[in-house]
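Please keep the sequence and the model in view while reading the points below.

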Amino acid sequence: TSCSNNKTTEIVSENTTTVINKSVGIDEFEKLLSAQSVQLIDVRTPEEFEPSHIKNATNININDADFETQVSTLNKNAPVLVYCLSGGRSSAAAGKLGEMGFTEVYNMEGGIMAWDAANKALEIAGNENTTGMSKVDLDKLVQSKTMVLVDYNAKWCVPCKKMAPMLEKFVEARKEKLTLLKIDADENKELLKEKGITGVPVLELYKNGKLV
């Protein structure tokens with residue numbers, strides 16, 4: 001038995017069975033997708049999945065109460081590839097699959113944000129607004145005599161939710177010189193892609209229009 005963290009291969013030899021549970025980069029993940037027997041699982045919410053996802057992915061929300069029941073219908077002896085938005089939820093999903101006896105599980109590091117940032121192919125719903133705020137729009141919003149704290153967040157992001165009231169309280173106590181600007185990652189994908197942001201939460205502080 002070889003014990004390791006999520007970024008390395010975990011191999012357990014028992015009765016000639018090799019178990020692999022590891023995180024891989026987007027290029028290796030893309031290569032793994034070419035296998036005929038691969039099972040691709042998007043563990044985000046249906047609201048996140050519907051606008052854009054990797055081709056042939058099945059949506060099984062890790063936060064659903066019956067997540068384990070749904071994934072139990074998969075072939076435990078065939079490769080399972082999992083991803084989410086930035087890699088956190090899919091890492092947890094990979095751990096659960098390992099506990100359930102799946103023999104070959106791969107989690108995509110950086111999630112679909114890293115995938116999109118690398119210009120990998122996505123299936124886009126016809127009614128999705130893929131533009132959102134532009135970098136020019138952001139530059140205009142942070143042009144202020146006061147300081148602007150930009151909070152890149154997402155509705156599904158647990159740390160973002162926990163931080164929100166603290167940020168609001170912090171800014172309220174300094175409202176004479178500090179403004180809070182919240183930017184939803186799902187609604188402004190092109191902006192995050194242009195800025196190279198591949199995970200949330202992210203905070204930026206601007207002073208006189210310049211990032212400090």
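Helices, of at least four residues, and strands, of at least two, are DSSP runs, numbered from the N terminus. In this predicted model, the protein chain has eight helices and 13 strands. Buried residues account for 42% of its 212 residues. Among contacts with a separation of 6 or more, 70% join residues 24 or more positions apart.

**The open sheet**

- Five strands form an open sheet in the order β3-β8-β7-β4-β6, and their pairing is parallel.
- The edge strands are β3 and β6 (58-59), each of which pairs on one side only.
- Strand β4 (residues 39-42) runs parallel to β6, and two bridges join them. In this part of the sheet, aspartate 42 stands opposite asparagine 59 in β6.
- Strand β4 is also joined to β7, by four bridges, and these two run parallel. Here leucine 40 stands opposite leucine 81 in β7.
- Strands β7 and β8 are parallel too, with three bridges between them. Valine 80 has valine 105 in β8 as its bridge partner.

**The two faces of strand β7**

- In a regular strand, side chains alternate between the two faces of the sheet.
- In β7, Val80 and Val82 point one way, whereas Leu81 and Tyr83 point the other way. All four are buried.

**Helix α4**

- Together with β7 and β8, helix α4 makes a right-handed β-α-β unit.
- Helix α4 (residues 88-99) lies across β3, β7 and β8, and it runs at about 175 degrees to β8.
- The buried residues of α4 are Arg89, Ser90, Ser91, Ala93, Ala94 and Leu97. They pack against β3, α2 (46-49), α3 (67-71), β7 and β8.
- Just after α4, glycine 101 takes a positive phi of about 100 degrees.

**The nonpolar cores**

- The largest nonpolar core has 36 residues, and Phe29, Leu138, Tyr152, Ile183 and Val200 touch the most other members.
- Several elements give two or more residues to this core, including β3 (20-24), α1 (26-32), β10 (147-153), β11 (178-184) and α8 (189-195). Helix α5 gives the most, with four residues.
- A second, separate core of 16 residues includes Ile62, Leu74, Ala94 and Val105.
- Which residues does isoleucine 183 touch? Leaving aside residues up to four places away in sequence, isoleucine 183 touches Met133, Leu138, Val150, Asp151, Tyr152, Asn153, Asn188, Leu191 and Leu192.

**Alanine 154**

- Alanine 154 is placed in the loop between β10 and α7 (158-172).
- Is alanine 154 buried or exposed? Its relative accessibility is 3%, and therefore alanine 154 counts as buried, since the cut-off for buried is under 20%.
- Not counting residues up to four places away in sequence, alanine 154 touches Cys160, Ala185, Asp186 and Val200.
- Alanine 154 and glycine 199 are 45 residues apart along the chain, and their C-alpha atoms are separated by 9.7 Å.

Note on methods. Residues are numbered from 1 along each chain as its sequence is written. This is a predicted model: local features need pLDDT of at least 70, side-chain atom pairs count only at pLDDT 80 or more; totals for chains, interfaces and linings use all residues. Side-chain values use heavy atoms; hydrogens and water are left out. A nonpolar core is a set of buried Ala, Val, Leu, Ile, Met, Phe, Trp, Tyr and Cys residues joined through side-chain atoms within 4.5 Å. Buried means under 20% relative accessible area, exposed over 50%, partly exposed in between (1.4 Å probe, protein chains only). Contact means heavy atoms within 4.5 Å. Two strands pair if DSSP finds at least two bridges between them. Axes are lines fitted to C-alpha atoms, for helices over the stretch in contact, and angles run from 0 to 180 degrees between N-to-C directions. A crossover is right-handed if, with the strands pointing away from the viewer, the path from the first strand over the helix to the second runs clockwise.
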